[in-house]
Amino acid sequence: MKKIWFVPAALIVGLITLASCSSGRYYERDYGYGGPPPPPRTSVSLILSAGPGYPVSRYSDGRYYYRAPNGYIYWRGYGNRYYLDRRYMNRGYYSSPQYNDWRRYHGRHR
């Protein structure tokens, strides 16, 4: 009678042990040893060309601006192009030609 209780108890302990190890294997299989991948970096455009469909507003001092759907503000500059406001510059990564053009504009209009 003692053998009848020992076999099911051993099977239950074995199943619990196998079930507890499966989550670690699942994690390593999906992400490797380093964990989940980092979120993608987002960047915004420094310069926008005006076109139809841009709801442009006028500021109290007479300057025109465009507020993008993501909340960034662009100010109207030469050539009817809109340049990203200076306060957002530390929030993204930009290509060199686009940044140089932006810097040229903000160097003249401070």
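**Close-up views of side-chain contacts**

**View 1. Aspartate 85 and arginine 87 are joined by a salt bridge, with 3.3 Å between their closest N and O atoms.** The model shown here and in the other views is predicted. Aspartate 85 has a relative accessible area of 13% and is buried. This contact is one of four salt bridges counted in the structure.

View 2. Aspartate 101 is buried at a relative accessible area of 14%, whereas arginine 104 is partly exposed at 46%. A network of salt bridges links Arg81, Asp101 and Arg104.

**View 3. Arginine 63 contacts aspartate 61 and the ring of tryptophan 75.** The side chains of arginine 63 and aspartate 61 form a salt bridge with an N to O distance of 3.0 Å. The charged end of arginine 63 also sits over the tryptophan 75 ring, 4.0 Å from the ring centre. Arginine 63 is partly exposed, its relative accessible area being 41%. Aspartate 61 is partly exposed as well, with 47% relative accessibility.

**View 4. Tyrosine 72 and tyrosine 88 are one of seven aromatic pairs in the structure.** Their ring centres are 4.8 Å apart and their planes stand at 85°, so the pair is edge-to-face. The pair links distant parts of the chain, 16 residues apart. Tyrosine 72 is in the loop between strand E3 (64-67) and strand E4 (73-76), and tyrosine 88 is in the loop between strand E5 (81-84) and H2. Tyrosine 72 is buried at 15% relative accessibility, and tyrosine 88 is buried at 8%.

**View 5. The rings of tyrosine 78 and tyrosine 83 form a tilted pair.** The ring centres lie 5.7 Å apart; the angle between the planes is 35°, so the pair counts as tilted. Tyrosine 83 is buried, with a relative accessible area of 0%, while tyrosine 78 is partly exposed at 33%.

**View 6. Three tyrosines, Tyr54, Tyr66 and Tyr74, make up one aromatic cluster.**

**View 7. Phe6, Val7 and Leu11 make a nonpolar surface patch of about 340 Å².** Leucine 11 belongs to helix H1, which spans residues 2-31. Leucine 11 has a relative accessible area of 56%; this is over the 50% cut-off, so the residue counts as exposed.

Notes: Residues are numbered from 1 along each chain as its sequence is written. This is a predicted model: local features need pLDDT of at least 70, side-chain atom pairs count only at pLDDT 80 or more; totals for chains, interfaces and linings use all residues. Side-chain values use heavy atoms; hydrogens and water are left out. Patches are made of residues with over 30% relative accessible area and no salt bridge: like charges are joined within 9 Å, nonpolar side chains (Val, Leu, Ile, Met, Phe, Trp, Tyr) within 5 Å. Accessible areas come from the Shrake-Rupley method with a 1.4 Å probe; for residues, only the protein chains shown count as cover. Helices (H or I, at least four residues) and strands (E, at least two) are DSSP runs, numbered from the N terminus. Buried means under 20% relative accessible area, exposed over 50%, partly exposed in between (1.4 Å probe, protein chains only). Rings of Phe, Tyr and Trp (its six-membered ring) pair if their centres lie within 6.5 Å; planes under 30 degrees apart count as stacked, over 60 as edge-to-face and the rest as tilted. A charge sits over a ring if NZ of Lys or CZ of Arg is within 6 Å of the ring centre and within 35 degrees of the ring normal.
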